[in-house]
Amino acid sequence: MSIPGARRGLMLVLSSPSGAGKTTMTKRLLATDPQISLSVSATTRKPRVGEIDGQDYQFVDQDHFDRMVQTGQFLEWATVFGNRYGTPRGPVEQALTEGRDILFDIDWQGTQQLRQSQSGGDLVSIFLLPPSLEELESRLKQRASDSADVITQRMSRAADEISHWAEYDYILVNDDPGQCLHEIRSILTTERLRRERQRGLAGFVRDLLAGE
Ligand SMILES: Nc1ncnc2c1ncn2[C@@H]1O[C@H](COP(=O)(O)OP(=O)(O)OP(=O)(O)O)[C@@H](O)[C@H]1O
Ligand SMILES: Nc1nc2c(ncn2[C@@H]2O[C@H](COP(=O)(O)O)[C@@H](O)[C@H]2O)c(=O)[nH]1
């Protein structure tokens, strides 16, 4: 009797208003869970200090992004805060086929597109809320990576972003980062065990009942 092991990969999405902590949680999750890898988005945004091309994002110009759209290279793409962002299709499809999990730091527009895609059944979506809007603004300021204008623009979009919270499977308030990571890992552990993700279960139960 073979114990079921191999399973379908899942797509774990983290969304939130800008500054609520997606990148922080993404880095912590990747550092503690070797079974999941990051979907590296392409963007027309300029790199922030410390961001590495190919690791944080694939930084491209408008023409390059347009070509990727026209040649169907994106699983989803959207304009966010005046820049364009997209999820390259190839690495995601390969990961899912090989039964590997993949993590997305994308906005609500991208999440809607993934939900409607062929792989929509593999989607697990988490929306992070800040403890308060004051705390959100203070996080954007202390990150010190954006100009005052950009922070104002991102804060002015926060309510709109948050209005999509009910489209997500799970809602977490990112107050204590350790607690938030624990909750994300708990969701991942549970979702990996879902019946429909486990391959070979029917055969396992049949052999179990046959005493083999
Ligand atoms: N639970 C937390 N408590 C206090 N500070 C936090 C917490 N989580 C994240 N931060 C800090 O808040 C700032 C913004 O976090 P982060 O860059 O992860 O947000 P984000 O959601 O990825 O933003 P964006 O959408 O703009 O990329 C960072 O300086 C980070 O260190
Ligand atoms: N729909 C998509 N949204 C994306 C993607 N990559 C990132 N994002 C979202 O953009 C904003 C801004 O990100 P920042 O790094 O400039 O602060 C944030 O909400 C990200 O989640 C993507 O491929 N598709």
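Q: Start with ligand 1. Which residues come nearest to it?
A: Ser18, Lys22, Thr23, Thr24 and Asp175 come nearest, out of 18 residues around ligand 1. Around means a heavy atom within 4 Å.

Q: What are the ground rules for this model?
A: It is a predicted model: local features need pLDDT of at least 70, side-chain atom pairs count only at pLDDT 80 or more, and totals for chains, interfaces and linings use all residues. Residues are numbered from 1 along each chain as written, chains are lettered from A and ligands numbered from 1 in written order, and side-chain values use heavy atoms, without hydrogens and water.

Q: OK, back to ligand 1. Which helices supply at least two residues of its shell?
A: Helix H1 (22–32) and helix H5 (133–143). Helices here are DSSP runs of H or I with at least four residues, strands are E runs of at least two, and both are numbered from the N terminus.

Q: And which one gives the most to that shell?
A: H5 does, with four residues.

Q: How far is the Lys22 side chain from a ligand 1 oxygen atom?
A: An N or O atom of that side chain is 2.6 Å from an oxygen atom of ligand 1.

Q: What about Gln142?
A: Its side chain also has an N or O atom by a ligand 1 oxygen atom, at 3.0 Å.

Q: Gly19: which part of the residue lies 2.9 Å from ligand 1?
A: The backbone. One of the N or O atoms there lies 2.9 Å from an oxygen atom of the ligand.

Q: How much of ligand 1 does the protein bury?
A: 81% of the 640 Å² that ligand 1 exposes when taken alone. The areas are Shrake-Rupley values with a 1.4 Å probe; for residues, only the protein chains shown count as cover.

Q: Switch to ligand 2. Who comes nearest there?
A: Ser41, Arg45, Tyr57, Tyr85 and Arg154, out of 17 residues around ligand 2.

Q: Which strands put at least two residues in its shell?
A: S5 and S6 each do.

Q: What sits by a nitrogen atom of ligand 2?
A: Asp107. A polar atom of its side chain lies 2.8 Å from that nitrogen atom.

Q: And by the oxygen atoms of ligand 2?
A: The side chain of Arg48 has an N or O atom 2.8 Å from an oxygen atom of ligand 2. A polar backbone atom of Gly86 is 3.3 Å from an oxygen atom of the ligand.

Q: How much of ligand 2 is buried by the protein?
A: 96%, out of 510 Å² exposed by ligand 2 taken alone.

Q: How does S5 pair with S6?
A: Strand S5 (residues 74–80) runs antiparallel to S6, with six bridges. In S6, Tyr85 is the bridge partner of Ala78.

Q: What's between S5 and S6?
A: Two residues; the strands form a hairpin. Phe81 in the turn has a positive phi of about 50°.

Q: Is S6 (residues 83–88) mostly covered or mostly open?
A: Mostly covered. Five of its six residues are buried. Buried is under 20% relative accessible area, exposed is over 50%, and partly exposed is in between (1.4 Å probe, protein chains only).

Q: Now S8. Why call it largely enclosed?
A: Because seven of the seven residues of strand S8 (residues 123–129) are buried.

Q: Which residues cover which side?
A: Leu123, Ser125, Phe127 and Leu129 are on one side, and Val124, Ile126 and Leu128 on the other. Both faces are covered.

Q: Which strands does S8 run parallel to?
A: S1, through five bridges, and strand S9 (residues 170–173), through four. Ile126 in S8 is the bridge partner of Leu14. Val173 in S9 is the bridge partner of Leu129.

Q: Where is Arg7?
A: In the segment before strand S1 (11–15).

Q: Last one: where does Thr190 lie?
A: In helix H7 (residues 177–192). Thr190 is partly exposed, with a relative accessible area of 48%.

Q: How far is Thr190 from Thr26?
A: 164 residues in sequence and 18 Å in space, C-alpha to C-alpha.

Conventions
Two strands pair if DSSP finds at least two bridges between them. A polar contact is a pair of N or O atoms within 3.5 Å; within protein, one must be able to donate a hydrogen and the other to accept it, and residues adjacent in sequence count only if both atoms are side-chain atoms.
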